[in-house]
Amino acid sequence: MPHRKTALRLAAPLAVLALALTACGGGDEEPDADAKSPATTEASPSPSEAASGGDLAAGESATGKVAEDPGEVTYDVVAQKVDVGTEAEAAKAVADAADVKGKVLATAYIKYTHKSGPALTEGSDVHDGATVFADGQRGSVLVGASEDAAGCEDPYDVESWKQGESHVFCETYVIPAGAKSVEAHWSEEDGEPYVWKFPQK
């Protein structure tokens, strides 16, 4: 079963984090889509069941479908929190501290509940739709960090997932230090993102 991060994950030594400073392809389009999200959500009587993405309040869940192997699965998805670290922690997490100067790590904790569809036996792709934004800009993914964070599970280690069961997968991104608003995004393939906002002090 193909996973977009498998090759990068296997390439990163277990004790060393590898920073993937990826180009933010589509990043210019996503904030524009997000700007339209509040109107979509406000027009919806039930944001937790919105069909096309939108802003969600803390604790509210989105419902989305993912093409899995062996078939389509419907999930309830909720971003529980985003932990934002310090510049010193970011510098320690990468081989070259200059790569993250003026930046911090942001780890989004996202809970996925298998709502309907076939049981999974070889991992899941549901986490592929998750990203972290800061002040409207997509961060850069940090490969290898999330699996070690407390309370996070490795999606590639989940070998049995049945209806009603939940797992928490995390995504760690590098964002600018001092960001005023950090957001966890999740979307179905080709869908508009659901957005949970976590204002920063």
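1. Basis and overall make-up. The model is a predicted one. Its protein chain holds 3 helices and 11 strands, which follow one another along the sequence in the pattern α-β-α-β-β-β-α-β-β-β-β-β-β-β. Of the 201 residues of the protein chain, 45% count as buried. Among contacts between residues at least 6 apart in sequence, 71% join residues at least 24 apart.

2. An open sheet is formed by 5 strands in the order 2-11-10-6-7, with mixed pairing. Strand 2 (54–56) and strand 7 (137–138) stand at the edges; each has a single partner strand, so one side of each is left without a neighbour in the sheet. For strand 2, pairing with strand 11 (residues 194–199) is in the parallel sense and runs over 3 bridges. Within this pairing, D55 stands opposite V195 of strand 11.

3. A residue of strand 6. T131 belongs to strand 6, which spans residues 130–134. Its relative accessibility is 10%, and T131 therefore counts as buried, since the cut-off for that class is under 20%. Beyond its neighbours within four places in sequence, T131 is in contact with R138, Y173, E183, A184 and H185.

4. The largest nonpolar core. In soluble globular proteins, nonpolar side chains tend to be buried together. Here the largest nonpolar core comprises 33 residues, and those with the most contacts inside it are Y75, Y112, V126, W161, W186 and W196. Two or more residues each are given to this core by strand 3 (62–67), strand 4 (72–84), strand 5 (103–116), strand 6, strand 8 (140–143), strand 9 (166–176), strand 10 (181–186) and strand 11. Strand 4 provides the largest share of this core, with 6 residues.

5. A second, separate core has 8 residues, among them A90, L105, A145 and V174.

6. The disulfide. How many disulfides does a search of the whole structure find? The search finds 1 disulfide. It joins C152 to C170, with an S to S distance of 2.0 Å. A disulfide is a covalent bond between the sulfur atoms of two cysteines. The torsion about the S-S bond of C152 and C170 is about -85°, so this disulfide is left-handed. The pair links distant parts of the chain, 18 residues apart: C152 lies in the loop between strand 8 and strand 9, whereas C170 lies in strand 9.

7. Accessibility of the two cysteines. Are C152 and C170 buried or exposed? C152 has a relative accessible area of 12% and is therefore buried. C170, at 7% relative accessibility, also counts as buried.

8. The second largest pocket. About 240 Å³ of space lies in this pocket. Its lining consists of 12 residues, and E89, L105, T107, A149 and T172 are those that lie nearest its centre. Strand 4, helix 3 (87–93) and strand 5 each supply at least two residues of the lining. The largest share, 3 residues, comes from strand 5.

Methods:
Residues are numbered from 1 along each chain as its sequence is written. This is a predicted model: local features need pLDDT of at least 70, side-chain atom pairs count only at pLDDT 80 or more; totals for chains, interfaces and linings use all residues. Side-chain values use heavy atoms; hydrogens and water are left out. Helices (H or I, at least four residues) and strands (E, at least two) are DSSP runs, numbered from the N terminus. Buried means under 20% relative accessible area, exposed over 50%, partly exposed in between (1.4 Å probe, protein chains only). Contact means heavy atoms within 4.5 Å. Two strands pair if DSSP finds at least two bridges between them. A nonpolar core is a set of buried Ala, Val, Leu, Ile, Met, Phe, Trp, Tyr and Cys residues joined through side-chain atoms within 4.5 Å. A disulfide is a pair of cysteine sulfur atoms within 2.5 Å. On a 1 Å grid over the protein atoms alone, a cavity is a set of points where a 1.4 Å probe fits but cannot get out, and a pocket is an open set with protein on both sides within 12 Å along at least five of seven lines; lining residues have an atom within 4 Å of a point. Grid points are joined across faces, edges and corners, and a volume is the space filled by probe spheres set on the points.
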